[in-house]
Amino acid sequence: MEPKEIISSGLLEMYVLGLTTERESAEIRAYSALHPEIMAEITAIENCLEHHAMVHSVNPAAQVKEKLFDTIVKRSANVTEQTKAPVVPIHKPFTSWKYVAAACIALLLGSIFFNYTYYNKYREAGNSISLLEKEKTDLALQLNTQQQLAAAMKKEDDEMRNKWKIEPVVLNGMPDASDSKAKILWMKNSGDVYIDPANLPDAPDGMQYQFWGIVDGKPVDGGMIITTTKEDKYRIQKMKSFGRAEAFAVTLETMGGNPQPKGKMYVMGKM
Amino acid sequence: MANSEQYSEEELVMQIRARNQQAFSYLYDHYAGALNGVICRMVDEPRLAEDILQEAFVKIWNNFDYYDSSKGRLFTWMVNLTRNLTIDTLRSKSYKKAAKISGDENSVINYQDIVHTSDKMDAIGLRKQVAGLKPEHQHVIDLAYFGGYTQEEIAKEIGIPVGTVKTRMRAAISALRKIFDHK
């Protein structure tokens, strides 16, 4: 898509509102990294919505901030409680109190040093545990959402199928063209027929595939299959509609097709 | 805890990453009203709204490392986090969110009765202008921004195809941008 198309589509608005799917969001981020005008548009939308929220501000009660900071300060203070330096008992008086004092100071300094080091390690460990826990709950939440999403999509898909009575028919290759295959979707309500000719071999120059419906044992022209677009050679396309048919088939005909099939039949599928 | 200090968004993000509570206090002073405004549009009980606001800021503080400035502005991240938290809270309390946001214009007027901001004059003027948006534009923004509706829910609520929601939203936000650009 062109940057202009993306900008005018409304997709960026949905993105800022958090209403795009994970995949769409990733695509938008990729596009915005490539095209500064998309990034600028996103920022403009963000600024607009921020402005909108600012204009509709409702000042919270002052206690909310106090409680909030109590919570935050307490959480960080919990970690700060230190263990006290162990007291070294001295049973007998030593010959010189100076040595005793020096030893005490050395022990105290050592103790402070270890306390400090272990406190830091303890804090780091605590931090990484809570980070991991958070990650775990986030992942569980994501998984849950994904499962719900998958279930919802399946339901929608089933509903669509029921609503439109779509009948997928596989047209299998004839014995002398066993690699060929095509798939059709037949909407029984409307009679619309779509074909996916992705597994037909390349049509030789001057030739074209023609689609047939077999009605009352006779082939009825179902239209020509377009296989010549440069970039994607084959694509799903709409054919002529059929109210009823016993079978569908594809033959290779001269360019433009024939009223009755003359060429070789490649694939066929019975209903 | 009023701060006289001013931060750019970049500095603010850096300072809060470094666990600077002063910077976080500034963030609160700056954005609590706006986030609370969103919550108050979704929640009827003031006590519950305050609890959600507090919880939202605790989450913002604890999860700050997850904010990625390359994905968008800080406020966008905060408001999406707050909205999701509010929706989760309402769902867990088996609330129905439908009651609060309704299609009629009265919803805007009702809502304005409960607003008690200490805003400057121009905010009140702008709010009137926003209220003067076409109802169809107002409605689609309200559903997404203050209602936490998904694309499909918006389509169902307004009675338009899902494919049209994006273009409707584009038109609505463009109208809103005009108001803010021409002030």
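So, to start: what percentage of the 271 residues in chain A do buried residues make up? The answer is 31%, with buried meaning under 20% relative accessible area, exposed over 50%, and partly exposed in between (1.4 Å probe, protein chains only).

Quick housekeeping before I go on. This is a predicted model, where local features need pLDDT of at least 70 and side-chain atom pairs count only at pLDDT 80 or more, while totals for chains, interfaces and linings use all residues. Residues are numbered from 1 along each chain as its sequence is written, chains are lettered from A and ligands numbered from 1 in the order in which they are written, and side-chain values use heavy atoms, with hydrogens and water left out.

Okay, chain A overall. It has 6 helices and 8 strands; helices here are DSSP runs of H or I with at least four residues, strands are runs of E with at least two, and both are numbered from the N terminus. Reading from the N terminus, the order is α-α-α-α-α-α-β-β-β-β-β-β-β-β. Now contacts, meaning heavy atoms within 4.5 Å: among those in chain A between residues at least 6 apart in sequence, 54% join residues at least 24 apart.

Let's zoom in on one strand, E7(A), residues 247–254. Of its 8 residues, 7 are buried. On one side, E7(A) pairs antiparallel with E4 of chain A, residues 207–215, over 8 bridges; for pairing, DSSP has to find at least two bridges between the strands. E7(A) also runs antiparallel to E8(A), residues 265–270, through 5 bridges. Ala249(A) in E7(A) turns up in both pairings: Trp212(A) stands opposite Ala249(A), and in E8(A) the bridge partner of Ala249(A) is Met268(A).

Next, two loop residues. Thr20(A) sits in the loop between helices H2 (11–16) and H3 (22–34) of chain A. Why does Thr20(A) count as buried? Because its relative accessibility is 13%. Its side chain makes a 2.9 Å polar contact with the side chain of Ser25(A). By polar contact I mean a pair of N or O atoms within 3.5 Å; within protein, one must be able to donate a hydrogen and the other to accept it, and residues adjacent in sequence count only if both atoms are side-chain atoms. Leaving out residues up to four places away, Thr20(A) touches Leu11(A), Met14(A), Tyr15(A), Ser25(A) and Ile28(A).

The other one is Asp192(A), in the loop between strands E2 (181–187) and E3 (193–199) of chain A. Asp192(A) counts as buried because it is at 17% relative accessibility. The side chains of Asp192(A) and Ser241(A) are joined by a polar contact of 3.4 Å. Beyond four places in sequence, the contacts of Asp192(A) include Trp186(A) and Lys238(A).

Last bit: the interface. Here 61 residues of chain B contact 48 residues of chain A. The two chains bury about 5100 Å² between them, 63% of it on carbon and sulfur atoms; that's the accessible area (1.4 Å probe) lost on putting the two parts together, summed over both. The rule finds 5 salt bridges across this interface, each being a side-chain nitrogen of Lys or Arg within 4 Å of a carboxyl oxygen of Asp or Glu. One of them joins Arg170(B) to Glu13(A), with the closest N and O atoms 2.8 Å apart.
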